[in-house]
Each structure stands twice: as structure tokens, then as C-alpha cells.
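Hi,

Here is the structure I promised to pass along. Have a look at it first, and my notes on what turned up follow below.

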Amino acid sequence: MSRKPPGQPKSCDLLAPIEAWFELQGWTPLPFQRQCWQAYLAGESGLIQVPTGSGKTYAAVMGPIAELLAEPSPGLRLLYLTPLRALSRDLALAIQQPIEAMGWPLRVGIRNGDTSSYERGKQLRSPPEILITTPESLSLLLANPKAPALFDGLRAVVIDEWHELMGSKRGSQTELCLSWLRSQRTGLRTWAISATIGNLDEAARSALGAASEPRLITAVIARATEIRSLLPESIDGFPWAGHLGLRRYEDLVAALEPGVSTLLFTNTRNQAERWHQCLRYACPEMEHALALHHSAIDRAEREAIEAGVKNGALRWVVCTSSLDLGVDFQPVERVVQIGSAKNVARLLQRAGRSAHLPGGTSQVLFMPTHALELLELSALRRGLAAGLVEERRQPNAPIDVLLQHLTSLACGPGFEPAQALAAVRTAWSYRQLSDSDWQWCLRFLEHGGDCLGAYPRYRKLEREGDLYLVKEKAIARLHRLHIGTITADRAVTVRFVRGAVLGHVEEAFIGRLKAGDVFFFAGRQLEFVRLREMTAQVKASSKKSSTVPAWAGGQMALSDLLSRHLRAEVDRCSRALAGEAKLDSPELVALEPLLQRQVQLSRLPRQHELLVEVCNSREGSHLYAYPFEGRFVHEGLGFLWAWRLARQQPSTITVSVNDYGFELLALKGYPFEELFSLHSDDLLDGAHLQDDLERAINLSELCRRRFRAIAQISGLVRNGYPGQAKSGGQLQISAALLFDVFSRHEPGHLLLAQARSEVLSDQLDLPRITGALERLQRCTLQLEATPRPGPLAFPLLAERLNNRMSNESLLERLQRLRHDAERAEGTIAKA
């Protein structure tokens with residue numbers, strides 16, 4: 001910990017201007033804010049974790065501002081990193097407020113993808129004292145030869161919403177940028193701000209660097225969260241699934257108040273479009289006070305919506321995670337969560353959007369989209385009461401991000417290998433980077449590795465004395481255009497034939513449309529006219545349609561923490577129906593008829609039990625298993641069991657999953673019951689888990705798909721120049737060719753190894769599958785033969801039907817199945 005030099009003013013003297021502004025506002029600084037200021041002025045770095053809306057921004061920036069006022073000097077002194085461009089405007093306004101009120105001689109600048117080239121050039125010539133930017137824009141600054149001069153006087157870095165960056169490659173990108181800044185400025189102080197994270201110490205060390213001794217500042221600030229459920233009048237034994245929650249829109253409309261400012265959160269953009277469409281038709285009187293906000297809508301329209309919420313013109317906004325983070329919406333009085341949040345931290349974050357001020361009470365209205373989500377809400381309540389939130393883990397030394405970072409430095413000031421390695425190893429995620437991996441990266445960037453040396457565009461780095469530099473201007477220009485770690489399907493701009501841009505949708509969706517097709521997007525009913533140069537031209541339409549764009553990566557799974565609470569909730573229900581406990585929450589009381597039906601047909605598992613049901617239908621033989629581990633874990637377990645069962649008796653087995661369990665469907669007469677009784681130990685065996693998963697799932701194809709994103713980040717494949725963008729198919733072909741070349745001629749290629757590692761750890765969630773198998777091995781197996789699918793199985797059946805092409809709608813198919821089941825029950829009752 002560095003100490004204050006002799007003769008430097010005391011912190012109380014330095015903070016006098018800050019205290020004066022707080023007094024002018026009629027505020028008293030909170031104890032945690034004063035702790036932050038004093039810790040900063042004492043030379044410390046650390047992490048601030050307090051509830052949303054408690055004054056974290058002023059806690060982080062007022063210490064550096066006090067120092068700037070006491071020791072004024074021109075140039076960039078405070079760098080403020082934010083994960084979202086949308087937050088930059090609010091942060092700038094919040095920081096400028098005291099500066100303008102008190103007449104302090106400080107300038108605040110914003111630099112991100114929306115900043116004009118004129119403004120960016122002006123910032124380099126005459127930098128503001130305080131600069132608000134994003135990780136991508138910071139990387140772009142490091143790719144400028146003027147970077148050392150720009151950051152020469154930098155004293156502090158503040159990282160906002162660190163919990164949002166941590167656990168992703170954007171977090172790794174931020175770590176590497178900060179490691180370079182610290183290597184240039186040895187006394188640099190770093191403060192991270194986080195609202196909701198479980199592993200606080202690791203979060204602080206990843207933000208501050210591997211050699212840091214972070215100061216953790218937390219505060220117990222009373223902030224109540226009131227959650228109320230929209231319970232249906234009655235629940236039968238057939239819980240619906242997915243967007244069929246729209247059928248209960250009247251209940252939601254009745255609970256909403258036109259005069260109460262409300263954010264309605266959904267988990268996916270597709271859901272947001274559907275619910276906005278529904279509310280628009282159900283409440284025509286709210287036409288001008290209702291809006292839709294998600295990340296695919298054009299930035300200008302999103303900004304207008306945010307302004308409308310703040311000034312009170314908009315009362316209801318249907319949104320996604322695009323409004324999760326710290327935009328200050330003090331007018332918002334209530335939050336509606338449509339469907340389960342799937343994650344304790346996410347619900348806390350969204351709840352904090354209402355009453356966004358210290359001491360406020362967050363109001364959350366929960367709208368279930370199917371009956372079993374009431375179980376999840378009851379589990380969420382207990383998770384919140386226990387004060388637990390999920391942990392986040394940084395990726396382990398992603399090589400693609402490191403390659404991009406080194407290329408950025410070489411495009412800018414250049415780097416000396418030994419010094420650069422020492423700096424990179426101060427980044428938490430790269431603290432154990434091996435010498436051999438480092439040398440591989442240098443060889444890959446300088447010579448194209450073992451396979452690509454014959455192609456000049458892959459030989460990016462050149463030596464000049466001790467420095468590595470990118471001398472080819474075309475390579476540097478193309479690299480700067482594609483800095484970043486966010487990859488997705490190629491986006492197609494949606495624009496009126498004669499008019500404004502509405503936003504963007506994925507290329508795959510537009511590729512399925514033909515001229516005259518109608519779809520809903522950005523809250524409008526649109527007719528597709530033509531596609532020209534990655535722009536979909538549309539016009540307004542009055543034709544009826546239910547088509548809504550779908551975006552990749554939309555499904556969320558239960559977190560590990562919430563899965564544990566959910567199993568405890570099911571156990572509590574099982575004991576209550578056995579007379580050993582009580583159903584002690586309104587959600588569980590409402591679910592009692594469904595739970596009773598499940599017990600009549602089968603059973604409810606206790607925490608130490610694994611329930612497996614088998615039954616036969618006209619479709620074939622069914623096996624339903626209920627580990628309650630979350631969708632992604634069940635996907636791996638389902639394919640694993642299907643492969644291991646087919647190894648005993650060959651058959652085609654279809655897998656369907658949700659957050660509660662998975663279904664295996666085989667041909668009629670397949671002996672699931674017999675095979676499970678004989679081979680249950682083999683199904684739960686974790687000894688050869690990775691090998692069996694590779695055989696059960698086409699791992700090579702999954703790695704090939706993952707490699708495309710890795711190839712983009714590392715700079716192996718490029719999107720082209722503006723106006724010459726490649727299609728998603730062209731990018732996939734380019735990446736696939738490289739994948740095949742490396743697989744044949746350089747099987748030890750580190751980017752191949754990274755693709756495999758990411759598929760196993762992220763996509764298949766191998767660590768959680770391993771833990772789930774270990775837990776299930778300790779469970780008592782309960783095999784139940786049922787006459788038909790029960791309440792727990794019904795959502796799995798609906799999930800499978802939803803993915804099948806048919807001339808019947810999903811609702812019609814489910815109603816037919818329900819009618820068949822009720823008729824069967826009536827026949828049994830008469831007998």
C-alpha cells in the first residue's frame with residue numbers, strides 16, 4: 001500500500017470542495033463514500049460493492065476529483081470505463097453536475113463508437129481531465145502511436161459495473177488494457193464498482209491485477225425488495241410452456257396502472273417484441289406512453305425512449321437486459337419481471353431499476369409464463385432472503401483476446417516482448433501464462449505460425465530493434481476497424497424504404513423472408529420489400545402476422561445457486577404433501593393442485609432423490625429425468641444418457657430439455673425401464689465423461705462453430721471494410737477452412753485447443769455436469785412407471801412439440817394432449 005508523501009495536504013482539507021458541494025445539495029456523504037475518498041487519497045486501490053442506487057459513482061470519482069482540484073495539471077487524469085455506451089451520457093451528466101455547480105476547472109469527455117471523428121481527434125490533441133469510455137474504445141486508444149503521451153499523466157481508473165464485464169472476454173480485454181496502463185504508470189490506482197457478485201475477493205483481484213492487495217468497501221444499506229406474484233385463479237395439472245404466458249395478458253393489464261412508471265423485463269428480445277405487441281393492442285389508450293427497448297433497436301430510438309422515461313412522457317417500457325445496468329431512472333416506480341429471471345443477481349439488478357435512490361423500496365411484480373415458474377419464484381425469494389448471489393469466473397487466459405491485444409499494441413507504440421510478458425502476467429486471467437504459450441503467440445503473429453507463413457496478411461508483426469510493430473498500414477487499419485470481443489451472426493440493418501433506420505436483425509432471419517412477408521420489429525408491423533447490401537428495406541403494413549425475429553443465444557438457464565434453492569423448494573413441497581411441513585409461500589399454495597396431481601401419478605422427489613419416470617404413448621417410449629440442474633446441464637446429461645442407453649440397445653433417441661429435467665423419446669417398445677434398472681450406475685458414471693460426451697455430441701462440429709468467433713477476435717478472419725462486409729456464410733466458410741487446415745497440419749494449434757475448451761466449459765458446462773453426476777450418484781434413484789406424462793413432464797413434451805414442424809399450432813397440439821389426458825383420467829375414474 002503506498003503512503004501519502006510528507007507535506008501533502010490532509011485528506012480532510014482535500015475533500016473540502018467535495019463536502020461543500022454535498023452540502024449545497026442538502027446531502028450528507030454516506031460513510032462508505034467517505035471511506036472510498038480517504039482510501040483513494042491514501043494511495044489505495046479497491047472494489048466498491050453496495051446496493052444499486054446507493055451513490056457508488058460519487059464514491060468512486062470524488063476522491064480523484066478532489067486530488068485533481070488540489071493538484072491541477074492539464075491532460076487526462078481520470079479514466080472511467082463503462083460496459084455500455086448508453087451509460088456514458090448519464091455518467092457524464094452525473095460527473096458534470098458538481099463541476100458546473102461549483103465552477104471547478106475540469107472537463108469531461110466521452111469516447112465510444114458513437115463519438116464523431118472530429119471529437120476523437122480533438123480529445124487526442126487536447127485531452128479532457130476526465131474521459132468516459134468503453135473497453136473497446138480503450139483498446140482502440142492503445143492501438144494509437146500517441147497512446148504513451150495520452151496516458152502519461154493518468155492517475156486513476158474507475159471500472160463501472162465490473163460484475164457485468166467479469167466472466168466474459170470483455171473482462172479479459174479490460175484486464176489486458178489495464179495491465180499495459182499499469183506498466184506505464186506504476187502508481188496508477190484502480191477502483192472497481194460492482195452491485196451484485198458472490199466472489200468479491202476474486203472480483204477485486206481480477207479488476208486490480210494479480211499483484212494487488214485490494215481494499216474492499218461494502219455497506220449494509222437498507223433497501224427492501226417487495227415481490228408480488230400475479231397468481232392465476234386456478235392451476236390444473238398441465239403447466240403450459242414458453243410464450244403461452246401471453247394468454248394471461250389480461251391479468252397483467254389489470255395489474256398495471258397508467259400513471260405508474262413501469263419497466264417490464266423479459267429475458268429475450270423475441271419475448272419483448274411479443275409482449276409489446278400484445279400490450280399495444282390490449283391498451284390502445286397507452287399508444288403514446290408505451291415503448292419497446294432492446295439492443296437490436298437503433299441507438300437514436302433507444303436514447304429517445306430513455307429520455308422519455310426520465311421526463312415521464314413514457315409510462316410503460318417493455319425491455320430486456322438492455323436496461324439492466326446503471327441508467328438512472330428515478331421516475332420508475334415498479335418493475336415487472338415476465339418469466340423467471342433464472343438468476344438471483346439478475347433479479348436484484350432489475351429490481352434496483354425501481355426506486356433508484358438510497359433507502360428506496362424496489363417493487364417487483366412477477367408474471368409467470370407457465371405454472372412451474374412459481375416454484376422458481378419461491379426459490380428466488382428464499383435466495384434473496386439468504387443474501388446470496390451468484391459468483392462470476394473470468395475466462396482462463398483466452399489466447400484470441402491476447403493476440404488481439406498484442407496486435408493493438410503493435411499498431412500503436414509497439415511492444416518489447418519481455419516487458420510485455422511481464423505486464424500481461426499482472427492481469428489476473430493471464431497470471432499463469434506459460435513461456436511456451438507466449439512464444440507461440442509471438443511466432444503466430446510474426447510468422448503466421450506453422451501453417452500460414454506463406455500468406456503476408458497473417459505475418460502481422462515486424463521487428464524494429466527491440467520492438468514489435470505493425471508496419472503495414474492496411475493491416476493496422478483493418479485491425480482497428482475490428483477491435484472487440486463481441487461476435488454474433490451478421491447483422492442486417494432494417495430501414496424504411498424512404499426513411500429512418502429501425503435497428504438490426506440477424507442475417508439468418510432475413511434470409512427466410514420473401515418480398516411481401518410481414519413481421520413485427522421495434523414495435524411496428526413491417527412488410528419486407530427487398531434486401532440491398534446488408535440492408536433490409538421495409539414499409540409499414542396493416543397485414544396481420546405473428547412473425548417476430550429470433551436472435552441467437554436467447555435462452556437462459558438456471559444458475560447453479562438458484563438450482564440448489566429450487567431443489568430445496570421441491571423437497572419442501574414433497575414434505576408438505578406428506579404432512580411433514582407446510583406450503584409457506586403464496587406461490588406454493590397456488591401450485592398445490594398441480595403438485596397433488598404429480599403425486600397421484602408419480603411422486604415429488606426429495607433432495608436426496610433422483611426421480612425418473614417412464615411411460616408409453618402413441619409417439620413411442622418416454623423416459624423423463626428430473627435433476628433440477630438447469631437447461632444447459634440437462635442438455636449434456638440428456639445426450640450422455642441417450643448415447644449410453646443406445647450403446648446397450650441401439651435406437652434413435654430424441655432429447656428434449658428444460659430447467660427441471662430432460663426427456664428421452666425412442667421408438668415404441670424401447671425398454672427404458674429395464675435398461676435403467678440394469679445400467680443406472682453406468683448412466684451416472686463420471687469416469688469417462690468427457691470421452692462419452694464427445695461421442696454423444698458432434699463435438700467437432702461444435703468446436704468448428706465456436707472457432708468462428710475465436711478466429712474473428714484473434715484477427716484470423718475479418719469482416720472487410722465498411723461497405724464491403726462479408727456475409728455470415730462467407731465468414732463461416734473462411735473460418736471453417738482455417739479450422740480444417742489447422743486440424744490436419746497443426747493439431748496442437750492453441751486456437752483449436754481454446755475452441756474445444758470453450759465448448760466443454762461454457763457451452764456444455766462440463767464442470768457443472770461433473771458436479772451434477774457426483775451429486776446424483778449419492779441420490780436414491782426413484783423409478784416410476786406412469787400411465788401418461790405428468791405435470792413435471794408436460795413442459796418437456798411442450799418443449800419438444802414447439803421445435804417440430806406441423807400444420808397444427810403449438811397451442812392446438814397441447815390442448816389436444818390435455819384433452820386426451822383428461823379423457824384417460826375420466827375413463828380410469830369410471831372403471
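A residue counts as buried when its relative accessible area is under 20%. One thing to keep in mind as you read: this is a predicted model.

Let's start with the cysteines. Cys283 sits at a relative accessible area of 2%, so it falls on the buried side of that cut-off. Is there a disulfide for it to take part in, or none, and how many turn up in the whole structure? Searching all of it gives zero disulfides. For Cys283, the closest cysteine sulfur belongs to Cys278 and lies 8.4 Å away, which is too far for a bond because a disulfide needs the two sulfur atoms within 2.5 Å.

Now the overall picture. The protein chain runs to 831 residues, and 57% of them count as buried. It has 32 helices and 25 strands. If you take the contacts with a separation of 6 or more, 74% come from residues 24 or more positions apart.

On to the packing. The largest nonpolar core holds 114 residues, and Phe151, Leu181, Trp641, Phe707 and Leu716 have the most contacts inside it. Helix 17 (residues 399–411) is the top contributor to this core, giving eight residues. There is also a second, separate core of 40 residues, with Ala351, Cys573, Tyr624 and Tyr626 among them.

The crossing is right-handed. On the helix 4 side, the contact is made by Thr57, Tyr58, Val61, Met62 and Ile65, and helix 5 brings Leu91, Ala94, Ile95, Gln97 and Pro98.

Last, some backbone angles. Glu161 has a positive phi, near 50 degrees, although it is not a glycine. Glu161 lies in the loop between strand 5 (156–159) and helix 9 (162–165), and at 5% relative accessibility it counts as buried. Asp765 is another non-glycine residue with a positive phi, near 55 degrees. Its place is the loop between helix 29 (750–763) and helix 30 (766–777), and Asp765 counts as buried at 15% relative accessibility.

Cheers

Note on methods
Residues are numbered from 1 along each chain as its sequence is written. This is a predicted model: local features need pLDDT of at least 70, side-chain atom pairs count only at pLDDT 80 or more; totals for chains, interfaces and linings use all residues. Side-chain values use heavy atoms; hydrogens and water are left out. A nonpolar core is a set of buried Ala, Val, Leu, Ile, Met, Phe, Trp, Tyr and Cys residues joined through side-chain atoms within 4.5 Å. Buried means under 20% relative accessible area, exposed over 50%, partly exposed in between (1.4 Å probe, protein chains only). Helices (H or I, at least four residues) and strands (E, at least two) are DSSP runs, numbered from the N terminus. A crossing is left-handed if the near helix is turned anticlockwise from the far one by less than a right angle, and right-handed if clockwise. Contact means heavy atoms within 4.5 Å.
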